[in-house]
Amino acid sequence: FPGKVINPIITGKFISSGIRKTKTDKTDAVLLAKIGILEPALTDYSDDEKQLRLRRFSKTIAGLKSERRIMIQKINHLKYLGGAGTPEVVQSLKNVVKVLDQEIKKLTKKLIRLTSPDAVTVSSIPGVGKELASLIVAELGDVTRFAGKGQAVAFSGLDPTVRESGASLRGKSHISKRGSSVLRHVLFQGAWGLMMHNPRYRAFYEKKKAEGKHYFAILCALARKLLILIYTMLKNHTLYDPIKFT
């Protein structure tokens, strides 16, 4: 049977349009069936087994890194508090961190191998390492499924949204933060790498900083530029060229 993808936002709107808040497997199934009938422009499900495997790897790595950060915070907190039993507990948590490091390293090596040669293409950008490139490729998937760079940006949740009030014609712009949170996170990491190691994008950062832009606003703009650059490179199967890609 052909599969279709339903955006959770659409599902949410259908749920909020009803009066009753009943939620069971049966009501969910009926709701999805109604959406399938009433929404003619649903996207075909296109992810293959390889892409699903890559995303599982990238999300697991992201989860393990999150757990590692929590463990480090606990260790630092316990060291600050001190008291009876602290050395033993700290050592136990350090052992957990060591295991997490081993698993992160193991999965990352597999992911780099599975995402090649696309990860090699992305890592040709100064400031973007192979590990980061593999995570971006795994989350972004096949770029040819996007109609254009705008769809790729929206998929990452880096597309701007504007909120306007009746009192002001100039609304404040925010990013939508929809789509892949893992992709958005690694793109911000990549943006930092561009800022530190790529002269062209370092100059962009300095220019915007001189204009009074906030650090995170500039980083967001760099992340968006990085994604568009990666989209173009993967679509055209070309390595980074500092002259060609401005």
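Modeller: Here is a quick tour, from the overall fold to single residues.

Modeller: Before we start, this is a predicted model, so local features need pLDDT of at least 70 and side-chain atom pairs count only at pLDDT 80 or more, while totals for chains, interfaces and linings use all residues. Residues are numbered from 1 along each chain as its sequence is written, and side-chain values use heavy atoms, with hydrogens and water left out.

Biologist: Fine. How many helices and strands does the chain have?

Modeller: There are 10 helices and 4 strands. Both are DSSP runs numbered from the N terminus: H or I with at least four residues for helices, E with at least two for strands.

Biologist: And what pattern does the chain follow along the sequence?

Modeller: Going along the sequence, you get β-α-α-β-α-α-α-α-α-β-β-α-α-α. The C-alpha trace spans about 60 × 55 × 50 Å along its principal axes.

Biologist: What share of the residues is buried?

Modeller: Of the 246 residues in the chain, 32% are buried. Buried means under 20% relative accessible area, exposed means over 50%, and partly exposed is in between (1.4 Å probe, protein chains only).

Biologist: Which residues have the most contacts inside the largest nonpolar core?

Modeller: Those are Ile125, Leu140, Leu187, Leu222 and Ile230, in a core of 53 residues. Helix 3 (49-81), helix 4 (86-115), helix 5 (118-122), helix 6, helix 7, helix 8 (181-197), helix 9 (199-210) and helix 10 (215-236) each put in at least two residues. A nonpolar core here is a set of buried Ala, Val, Leu, Ile, Met, Phe, Trp, Tyr and Cys residues joined through side-chain atoms within 4.5 Å.

Biologist: Which helix gives the largest share of this core?

Modeller: Helix 10, with 13 residues.

Biologist: OK, switching to charges. How many salt bridges does the structure hold?

Modeller: It holds 8 of them. The cut-off is a side-chain nitrogen of Lys or Arg within 4 Å of a carboxyl oxygen of Asp or Glu.

Biologist: Show me one. What does Lys4 pair with?

Modeller: Lys4 meets Asp44, at 2.5 Å from N to O. Lys4 is in strand 1 (residues 4-5) and Asp44 in strand 2 (residues 43-44), so to speak distant parts of the chain, 40 residues apart. Lys4 counts as partly exposed at 49% relative accessibility, and Asp44 as partly exposed at 48%.

Biologist: And which residue forms a salt bridge with Lys59?

Modeller: That's Glu139, with the closest N and O atoms 2.9 Å apart. Lys59 lies in helix 3 and Glu139 in helix 6, so this pair ties together parts 80 residues apart in sequence.

Biologist: Is Glu139 buried or exposed?

Modeller: Glu139 counts as buried, because its relative accessibility is 1%. Lys59 is partly exposed, with a relative accessible area of 42%.

Biologist: Which residues form the negative surface patch?

Modeller: Asp48, Glu49, Asp118 and Asp142. Patch residues have over 30% relative accessible area and no salt bridge; like charges are joined within 9 Å, and nonpolar side chains (Val, Leu, Ile, Met, Phe, Trp, Tyr) within 5 Å. Areas come from the Shrake-Rupley method with a 1.4 Å probe, and for residues only the protein chains shown count as cover. Lys and Arg count as positive and Asp and Glu as negative, with His and the chain ends not counted; each charge is placed at NZ of Lys, CZ of Arg, CG of Asp or CD of Glu.

Biologist: Where is Asp142 found?

Modeller: In the loop between helix 6 (130-140) and helix 7 (149-156). Asp142 is partly exposed, with a relative accessible area of 46%.
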